[in-house]
Amino acid sequence: MNLPLIIRAEEHNEKRAITTTDGSFTYRDLLHTSSQIATSLLQNTEDLQEQRVAFLIPPGFEYVATQWGIWRAGGIAVPLCVSHPRPELEYVITNSGASIIIAHPNFEDILRSLAEAHNLRFILTSEMLPHNISNLPEIDITRGALILYTSGTTGKPKGVVTTHQNIQAQVTSLITAWEWTSNDCILHILPLHHIHGIINVLTCTLWAGAECHILSKFDAETVWNRICDGDLSLFMAVPTIYVKLITAWETASKERQKRMSEGCAKMRLMISGSAALPVQVLEKWQSISGHFLLERYGMTEIGMALSNPLHGERLCGYVGKPLPQVEVRLVDENGELVPTGTPGEIQVKGPGVFLEYWQNPEATAKAFQDGWFRTGDTAVVENGNYRILGRMSVDIIKTGGYKVSALEIEEVLRSHPDIQECAVVGVADLEWGERVCAALVLQGSQPLTLQAFRSWAKEQLAVYKVPTQILIVEELPRNAMGKVTKPTVVELFC
Ligand code: AMP
């Protein structure tokens, strides 16, 4: 049996699937190119048997065809992040145990040398298209499909493994709730190594037989130009992006503002998620676009869990009710259900919940309680709607929609020759949700400028993890047990 995603694509053959600055590509193009890529990957074997294939390709048709090619060859897709420096790429490649690396020529140097260092098969996208297409394997949907890396409260990021079945459940839940159809047309501006961009936007589009306009990178003016074209029906973004679009709208001429707002009015739905949507942003966006943003809540491990309604009243500051196929409950610290109106940890169950953390049975076991996934987020139910109260760990920071671990950043900062001790915190910020800030205790007499510090850190960490503000302190605030008191560190930056 072919994967359901592929069977559905065959029904839409001549319809446009992907549009980029390079042109438009139909579902037939996607099926053909992905089968060529699958053939290249297979060489003379019949099935990749869940070998991990890491790939680094800018957003566009080649990215999508490669992801499908990996799936059709029986591999597990491991998307790499275009903005990651070498140590982060190397971590994902080695932790996932990838046996093949696929690179767009833009990333040839860095990835070829990583492939050589770890003795892995290396393929350039430009060299991947054979003329003869071989028979492709039948893929059972219970097999692994995707590994996405996500930060937790301990150690390095963990690989979240989802099966084709998990992805199907995550996608069909959203297709039902938000009434996707093949007439939809969405603008894709999100990173393609994160669930929001891969599942909610890209895979929902392709499952529905709709059209995805992919921008190679986010740029507020380009997004507005596309919105002004008036042919989009859907838009999804993180709050930070809405803030940037609001700023661009505010600096535009009156005439352009009118066209921008008219473009928004032609859409049927605009959605925000991956971080808390500030009330001011929701209200400002409503005045600009006429849309009351639909806010939803989800996580790499579970897909989307809660959503305001497509029809009916959306509540500001709330994330609505459980989505189709998703069970949600709130529990106290003893794992007991809390009474309505009492805050508790969000736990989630359902077919969209991931299979496991890659080769980390201990972390997987810890993440579940009686078959329920423990999100580590707290919420309260008021009048039947969930309101997110925050995260249970201060060491998880959400910045620009990215989830980052304070502990992981601290570990890297401690390797700086002038840094003796450090504490990384998230500080509330209207544009970024939270800003990554670091209090540093220096050793030696060398001064450390923010610029020098950041350029050093960018070599080690993804740019969104690099602190944007540093504070040099004599010592870190600690409690009687000697533990750094993070709330006091936060106050230093306010
Ligand atoms: P990620 O796995 O990177 O998508 O991050 C998931 C985390 O983002 C959740 O555990 C929440 O802490 C946060 N999150 C997602 N959506 C929302 C939302 N609508 N409001 C507040 N926090 C959110």
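Colleague: Which residues are closest to the ligand, and how many surround it in total?
Modeller: There are 17 residues around the ligand, and the closest are H194, R296, T300, D377 and K398. A residue goes on that list if one of its heavy atoms lies within 4 Å of the molecule. This is a predicted model, where local features need pLDDT of at least 70 and side-chain atom pairs count only at pLDDT 80 or more, while totals for chains, interfaces and linings use all residues. Residues are numbered from 1 along each chain as its sequence is written, and side-chain values use heavy atoms, with hydrogens and water left out.

Colleague: How far is the T300 side chain from an oxygen atom of the ligand?
Modeller: An N or O atom in the T300 side chain is 2.6 Å from a ligand oxygen. K398 also has a polar side-chain atom 2.9 Å from an oxygen atom of the ligand, and for H194 the distance is 2.9 Å too.

Colleague: And how much of the ligand does the protein bury?
Modeller: Taken alone, the ligand exposes 500 Å², and the protein buries 97% of that. Those areas come from the Shrake-Rupley method with a 1.4 Å probe.

Colleague: Which elements give two or more residues to the shell?
Modeller: Strand 13 (294-299) and strand 21 (385-391). Strand 13 supplies the largest share, 5 residues. Helices (H or I, at least four residues) and strands (E, at least two) are DSSP runs numbered from the N terminus.

Colleague: What's the shell like by class?
Modeller: It has 7 nonpolar, 4 polar and 6 charged residues. In that scheme Asp, Glu, Lys and Arg are charged, Ala, Val, Leu, Ile, Met, Phe, Trp, Tyr, Cys and Pro are nonpolar, and the others, Gly among them, are polar.

Colleague: Switching topic: which residues of helix 14 are buried?
Modeller: In helix 14 (residues 450-458), F453, R454, W456 and A457 are buried. Buried means under 20% relative accessible area, exposed over 50%, and partly exposed in between, with a 1.4 Å probe and protein chains only.

Colleague: Why are they on the same side of helix 14?
Modeller: Because they cover an arc of only 160° around the axis. That arc is taken from the directions from the helix axis to the C-beta atoms.

Colleague: What do they pack against?
Modeller: Helix 13 (406-413), strand 24 (419-429), strand 25 (433-442) and strand 26 (469-472). Contact here means heavy atoms within 4.5 Å.

Colleague: OK, S289. Where is it, and is it buried or exposed?
Modeller: S289 sits in helix 11 (residues 279-289) and counts as buried, because its relative accessibility is 5%.

Colleague: Which backbone atoms does its side chain reach?
Modeller: The S289 side chain reaches the backbone oxygen of W285 at 2.8 Å and the backbone nitrogen of H291 at 2.9 Å. A polar contact is a pair of N or O atoms within 3.5 Å; within protein, one must be able to donate a hydrogen and the other to accept it, and residues adjacent in sequence count only if both atoms are side-chain atoms.

Colleague: Which non-glycine residues have a positive phi, for instance?
Modeller: E179, at about 55°, and N383, at about 50°, are examples. Most residues other than glycine have a negative phi.

Colleague: Where is N383, and is it buried or exposed?
Modeller: N383 is in the loop between strand 20 (372-382) and strand 21, and at 78% relative accessibility N383 counts as exposed. E179 lies in the loop between helix 6 (164-177) and strand 9 and is partly exposed, at 41%.
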